[in-house]
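User: I have a model to go through with you. Can we start with how the helices pack?

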Amino acid sequence: MKKDELTGLSELWQSAPEKPAIALDKLKSRHKKQFWLMMFNIVVETLLVMAVGYLLITTLRAGDNLMQSLWLGFAFIWSSVTYLLINRSRLHSFRLLRNKTLAESMPEHISLIKQEILRWQLSWTATLIFTLVLMFYFTVDYLVKDDIGAYMYRYLLAVVILLLALLFFRHKKRTAEKILKSLSE
Amino acid sequence: MQFGDNKDMLNDQREQTVQQYWSRILRAASGYEARPAMRDELAQDMALAVWRSLSGFGGQCSLNTYIYRVIHNVAVDHIRRHSRATECELADEIVDDNNSPEGDLIQARRQQKLIIAVNRLPLSLRQVMLLKLEDLNNTEIGDVLGLSDSNVAVRLNRAKQKLSDLLAGAEQ
């Protein structure tokens, strides 16, 4: 590309139609709302993890419903690990100084997307293990008990939900990997 | 340029600076995001980040360099948090505006093709090209990106070649 051509492209680039001035007050107000929404989300997530933990403890102490204990155990481990990893990324993201040179900040951006890929991979692996454990449990239950018909639809629903979750986590992980590839180009 | 200690004066100066850079922010946003709704959101995020970051500006580099660093960091953050537009979405962004006079329409279409071509550049080449299109020299580009002059020159050559190929492909 010749210098003239680049100069022409610069002029073309900079001659985009003028847009109205930005309303900064509205922007600041939107930012405040987003901040409080994020704080609210963090509080709700914390309470949910604690609630699942509490339910798990009470179910284990009651000791009479193995299926429920399994579900709650899986939900507690998955939610706790995801909660810790998400908040680690949030903190890392807050600390990312926007005024650094791109050469300094790119490794941190890449680290953040790798953390996201790890979270989706962990979710997928945990869900797969839980699905296999559940299917094993169903199979044993079926072989041991004569009458399982009444519970069959619940088992099938559980497996379908878990398989959909696996597909979702796989899709999110692949999207994050594409983003990592874009950032690394 | 130094920003005053008085809070009101600081706020006024910051707002003025953001308004001054608003058209550059919009252009930078269009270079990273072709989808209109997300582009507007990105531009707003960039403006807000610039406004917030200005209180930390202490003359460590030129104001221009400082602001461009913030803008491009926010853009990379945006790419990380949102998936990129697919090729189909990029192709659909060519504007078909039958209401403008012919000269304006041709200009608008050329601009849109340039924007799409820039969006198709790999990230490292896109950053250099976006800064060059804003008339920054190689040293200034190096200050924003944290690269040496020679590194900038190499990337710029590759970016120009790639952009030429993309624009030629768009013409066919």
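User: Which residues of α6(B) meet which residues of α7(B)?
Analyst: B:Gln127, B:Val128, B:Leu131 and B:Lys132 in α6(B) meet B:Asn138, B:Ile141, B:Val144 and B:Leu145 in α7(B). Contact means heavy atoms within 4.5 Å. This is a predicted model: local features need pLDDT of at least 70, side-chain atom pairs count only at pLDDT 80 or more, and totals for chains, interfaces and linings use all residues. Residues are numbered from 1 along each chain as its sequence is written, chains are lettered from A and ligands numbered from 1 in the order written, and side-chain values use heavy atoms, without hydrogens and water.

User: At what angle do α6(B) and α7(B) pack?
Analyst: About 135 degrees, with the axes of α6(B) and α7(B) 10 Å apart. Axes are lines fitted to C-alpha atoms, for helices over the stretch in contact, and angles run from 0 to 180 degrees between N-to-C directions. Helices are DSSP runs (H or I, at least four residues), numbered from the N terminus.

User: What about α4(A) and α3(B), at what angle do they pack?
Analyst: About 15 degrees, with their axes 10 Å apart. α4(A) and α3(B) are therefore roughly parallel; that label takes angles under 35 degrees.

User: Which residues of α4(A) meet α3(B)?
Analyst: Among them are A:Leu102, A:His109 and A:Glu116, and the α3(B) side includes B:Arg69, B:His72 and B:Asp77.

User: New topic. How much space lies in the largest pocket?
Analyst: About 1500 Å³.

User: Which lining residues are closest to the centre of the largest pocket?
Analyst: A:Ser93, A:Phe94, A:Arg98, B:Asp77 and B:Arg81, out of 39 lining residues. A pocket is an open set of points on a 1 Å grid over the protein atoms alone, where a 1.4 Å probe fits, with protein on both sides within 12 Å along at least five of seven lines; lining residues have an atom within 4 Å of a point. Grid points are joined across faces, edges and corners, and a volume is the space filled by probe spheres set on them.

User: Which helix gives the most to that lining?
Analyst: α2(A), with seven residues. The lining divides into 16 nonpolar, 10 polar and 13 charged.

Technical notes
Helices (H or I, at least four residues) and strands (E, at least two) are DSSP runs, numbered from the N terminus. Ala, Val, Leu, Ile, Met, Phe, Trp, Tyr, Cys and Pro count as nonpolar, Asp, Glu, Lys and Arg as charged, and the others, Gly among them, as polar. Angles under 35 degrees count as roughly parallel, over 145 as roughly antiparallel, 65 to 115 as roughly perpendicular and the rest as oblique.
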